[in-house]
Amino acid sequence: MRLDRTSAQPLWAQLHADLLRRLEAGEFTRGFPAEGELREEYAVSRHTVREALRRIRAAGLVRSGRGRRSEVLATTIEQPLGTLYSMFAEVESQGLAQTSTVLRCGITKNEQAATALGLATDTDLFGLERVRLADGMPLAHDDVWMPASVAAPLVSSDFTRTALYTELERHGMSRPDGGRERITATLLGPEQAQQLGVRSPTAALLIERTGTLEGQPVECRRTTVRADRYALTMSFGPNGYHVGR
């Protein structure tokens with residue numbers, strides 16, 4: 001691939017994006033190319049290659065060692081069961097930058113979500129739909145609804161680089177303190193597959209959450225996560241299973 005030297009995007013950023021794409025496609029099964037190979041393949045300077053590689057290594061996608069070929073590392077994000085977690089916090093805790101492409105944010109109606117929240121089906125809800133990314137690579141499609149009577153101020157929030165629970169607290173509201181999740185296997189349809197950068201059909205995990213505050217439902221969420229990038233974990237010992245951190 002030849003990079004576009006007429007583009008306003010720096011060459012290192014173009015190279016970084018293309019290497020991420022190739023990593024995601026599983027192209028480097030026999031090892032990651034050396035700097036010299038990348039300079040020749042892309043016809044760029046040593047500085048351009050090193051800047052792109054620095055970010056890929058910092059994200060934990062590739063590990064380099066003196067005297068041996070770089071090793072491609074797994075990009076799976078692990079989530080312990082039994083915790084009321086924020087995907088934003090989990091991604092960031094593993095050294096990856098979490099961003100979102102916001103598809104919808106506003107006041108809406110959703111009969112299924114309203115019913116899950118114990119509200120009349122025509123109740124106004126705050127709705128947020130986004131594609132979650134980890135280091136620029138699509139991870140999940142996220143749809144969340146909350147009663148507009150509680151969460152309407154969130155309409156003014158910019159969710160491209162923040163978490164829902166963070167914004168709740170910033171506006172003086174309480175985050176959920178409990179809830180229930182149901183996790184099932186699913187296949188991505190054409191639209192979601194395109195949003196998540198994979199072919200359809202592709203395996204995914206569907207996480208359906210009802211978040212509660214003092215026992216009352218305040219959050220209804222459907223998150224579809226790429227199964228190749230996400231894993232659920234549980235610890236156990238002689239006395240049985242231990243969930244959470």
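Glu214 counts as exposed, at 71% relative accessibility (exposed means over 50% relative accessible area, buried under 20% and partly exposed in between, with a 1.4 Å probe and protein chains only). Its phi is positive, near 55°, in a residue other than glycine. Glu214 sits in the loop between S8 and S9; helices (H or I, at least four residues) and strands (E, at least two) are DSSP runs, numbered from the N terminus. This is a predicted model, in which local features need pLDDT of at least 70 and side-chain atom pairs count only at pLDDT 80 or more, while totals for chains, interfaces and linings use all residues. Residues are numbered from 1 along each chain as its sequence is written, and side-chain values use heavy atoms, with hydrogens and water left out.

**Sheet**

- An open sheet is formed by 6 strands in the order S4-S5-S6-S9-S8-S7, with antiparallel pairing; two strands pair if DSSP finds at least two bridges between them.
- Strand S4 (98-108) and S7 are the edge strands, each pairing on one side only.
- From one strand to the next, the twist averages 15° (axes are lines fitted to C-alpha atoms, for helices over the stretch in contact, and angles run from 0 to 180 degrees between N-to-C directions).
- Strands of a sheet pair through backbone hydrogen bonds, either parallel or antiparallel.

**Strand pairs**

- S4 and strand S5 (residues 125-134) run antiparallel and are joined by 10 bridges. In this pair, Val102 stands opposite Arg130 of S5.
- Strand S7 (residues 178-187) is joined to strand S8 (residues 203-213) by 10 bridges, and the two run antiparallel. Thr186 has Ala204 in S8 as its bridge partner.
- S8 also pairs with strand S9 (residues 216-226) in the antiparallel sense, over 10 bridges. Here Leu205 is opposite Val225 in S9.
- The hairpin of S8 and S9 has 2 residues between the strands, and Glu214 takes its positive phi in this hairpin.

**Helix packing**

- Helix H1 (residues 11-24) and helix H3 (residues 46-58) have axes that come within 8 Å and cross at roughly 50°.
- H1 and H3 are therefore oblique to each other; angles under 35 degrees count as roughly parallel, over 145 as roughly antiparallel, 65 to 115 as roughly perpendicular and the rest as oblique.
- The contact (heavy atoms within 4.5 Å) involves Leu11, Trp12, Leu15, His16, Leu19, Leu20 and Leu23 of H1, and Thr48, Val49, Glu51, Ala52, Leu53, Arg55 and Ile56 of H3.
- Residues of this contact divide into 10 nonpolar, 2 polar and 2 charged (Ala, Val, Leu, Ile, Met, Phe, Trp, Tyr, Cys and Pro count as nonpolar, Asp, Glu, Lys and Arg as charged, and the others, Gly among them, as polar).

**Buried glutamate**

- Glu167 belongs to helix H7 (residues 164-170).
- Glu167 counts as buried, at 6% relative accessibility.
- Apart from neighbours within four places in sequence, Glu167 is in contact with Leu154, Ser157, Phe159 and Thr162.

**Backbone in other loops**

- Ala43, in the loop between helix H2 (35-42) and H3, has a positive phi of about 55° although it is not a glycine.
- With a relative accessible area of 32%, Ala43 is partly exposed.
- Ser200 and Pro201 are linked by a cis peptide bond, with omega near 0°.
- Pro201 lies in the loop between helix H8 (190-195) and S8.
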